[in-house]
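The following exercises are meant to be worked through with the coordinates open, and each task is followed by a solution in steps.

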Amino acid sequence: MTNDNDQRVGQATVPSRYTSLRCFSISILISIVVCSAASIFFYNRFISLKSEVESNHVIISLLQKDIADEKLIIARFDESVTNADVEKKLASLEVSLAATQANLLTRLRATE
């Protein structure tokens, strides 16, 4: 009778080993599928981010060109005469005129 029980126990462990092996195989397969799906997702995300960075790089290059062009325009205006320069020159000419008038009046009085 113990041999019958031993045979039944031995037969019961064989299917449980196959079941265990099937569960392990299925879990490995599911892990591979999940990893593949994650890999595809992250690859697509990487590609979209790469294209976004490239388009931003083009925009940055264009903006840098615009900044360089604006610097040239600003430099040209820095070399030109401004209203403040004209006002300063006018003030210095008024001072010079007043000094010349005073000098001429002094000479005129001296010659009289």
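**Exercise 1.** Search the whole structure, which is a predicted model, for aromatic pairs, and state how many there are and how the rings are arranged.

*Solution.* The search over the whole structure returns one aromatic pair. Its members are Phe41 and Phe42, with ring centres 5.2 Å apart and planes at 70 degrees to each other. Since an angle over 60 degrees counts as edge-to-face, the pair of Phe41 and Phe42 is edge-to-face.

**Exercise 2.** Identify the residues that form a salt bridge, and explain how they are placed along helix α1.

*Solution.* The count comes to one salt bridge, and it joins Lys65 to Asp69, whose closest N and O atoms are 3.3 Å apart. Lys65 and Asp69 are four residues apart in helix α1, so about one helical turn separates them. Asp69 has a relative accessible area of 32%, which means that this residue is partly exposed.

**Exercise 3.** Describe the secondary structure and the surface of the protein chain, and determine which residues form a nonpolar patch.

*Solution.* The protein chain has two helices and zero strands, and 0% of its 112 residues count as buried. Its accessible surface is about 10,500 Å², with 65% belonging to carbon and sulfur atoms. On this surface, Tyr18, Leu21, Phe24, Ile28 and Ile32 form a nonpolar patch, and together they have about 530 Å² of accessible area. One of these residues, Leu21, lies in helix α1, which spans residues 2-79.

How values were computed
Residues numbered from 1 in each chain as written. Predicted model: local features only at pLDDT ≥ 70, side-chain atom pairs only at ≥ 80, totals over all residues. Heavy atoms only, no water. Buried < 20%, exposed > 50% of the residue type's maximum accessible area, 1.4 Å probe, protein only. Areas by Shrake-Rupley, 256 points an atom, 1.4 Å probe, with all protein chains shown as cover. Patch = residues over 30% accessible without salt bridge, like charges linked within 9 Å, V, L, I, M, F, W, Y side chains within 5 Å. Salt bridge = Lys/Arg side-chain N within 4 Å of Asp/Glu carboxyl O. Phe/Tyr/Trp six-rings, centres within 6.5 Å; stacked < 30°, edge-to-face > 60°.
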